[in-house]
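Student: Hi! Could you walk me through this one?
Tutor: Happy to, let's look at it together.

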Amino acid sequence: MSDAVAERVHHPVHYGGKDNPYECIEVLTHWLTPEQLSGFLLGNVIKYLCRAGKKDDALEDCRKASWYLDREIKRLQKENKGG
């Protein structure tokens, strides 16, 4: 994955940047309950898979779905280690 593609998938400019140092995903991680965060993350997985190739590049949409799924997996792993 090129650096430009990775940036669009992992840290899109429109989600933060110079004028706003707080990415929405980080804010939501702190504001939402674990159940709400899980729903948000898995909902985004479904969203990106359903629209794959219809709005943007299909591969990029699949990478975005994977990013949200990976984040949910890491959240669950952390939750299970603490519980």
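Tutor: A word on terms to begin with: helices here are DSSP runs of H or I with at least four residues, numbered from the N terminus. Also, this is a predicted model.
Student: Fine. Which helix is Cys62 found in?
Tutor: Cys62 sits in helix 4, which covers residues 58-82.
Student: What does Cys62 touch?
Tutor: Leaving aside residues up to four places away in sequence, Cys62 touches Leu49 and Ala52. Ala52 is 10 residues from Cys62 along the chain, and their C-alpha atoms are 6.4 Å apart.
Student: Let's zoom out. How many helices and strands are there?
Tutor: The chain has four helices and zero strands, so the order from the N terminus is α-α-α-α.
Student: How do helix 2 and helix 4 pack?
Tutor: Helix 2 spans residues 24-31, and its axis lies 14 Å from that of helix 4, at an angle of about 30°. Because angles under 35 degrees count as roughly parallel, helix 2 is roughly parallel to helix 4. Their crossing is right-handed.
Student: Which residues make the contact?
Tutor: Helix 2 brings Ile25, Glu26 and Thr29, while helix 4 brings Trp67, Tyr68 and Arg71. By type, that contact has three nonpolar residues, one polar and two charged.
Student: Last one: what share of the chain is buried?
Tutor: Buried residues account for 27% of the 83 residues. The chain exposes about 6,000 Å², with 58% of it from carbon and sulfur atoms.

Note on methods:
Residues are numbered from 1 along each chain as its sequence is written. This is a predicted model: local features need pLDDT of at least 70, side-chain atom pairs count only at pLDDT 80 or more; totals for chains, interfaces and linings use all residues. Side-chain values use heavy atoms; hydrogens and water are left out. Helices (H or I, at least four residues) and strands (E, at least two) are DSSP runs, numbered from the N terminus. Buried means under 20% relative accessible area, exposed over 50%, partly exposed in between (1.4 Å probe, protein chains only). Accessible areas come from the Shrake-Rupley method with a 1.4 Å probe; for residues, only the protein chains shown count as cover. Contact means heavy atoms within 4.5 Å. Axes are lines fitted to C-alpha atoms, for helices over the stretch in contact, and angles run from 0 to 180 degrees between N-to-C directions. Angles under 35 degrees count as roughly parallel, over 145 as roughly antiparallel, 65 to 115 as roughly perpendicular and the rest as oblique. A crossing is left-handed if the near helix is turned anticlockwise from the far one by less than a right angle, and right-handed if clockwise. Ala, Val, Leu, Ile, Met, Phe, Trp, Tyr, Cys and Pro count as nonpolar, Asp, Glu, Lys and Arg as charged, and the others, Gly among them, as polar.
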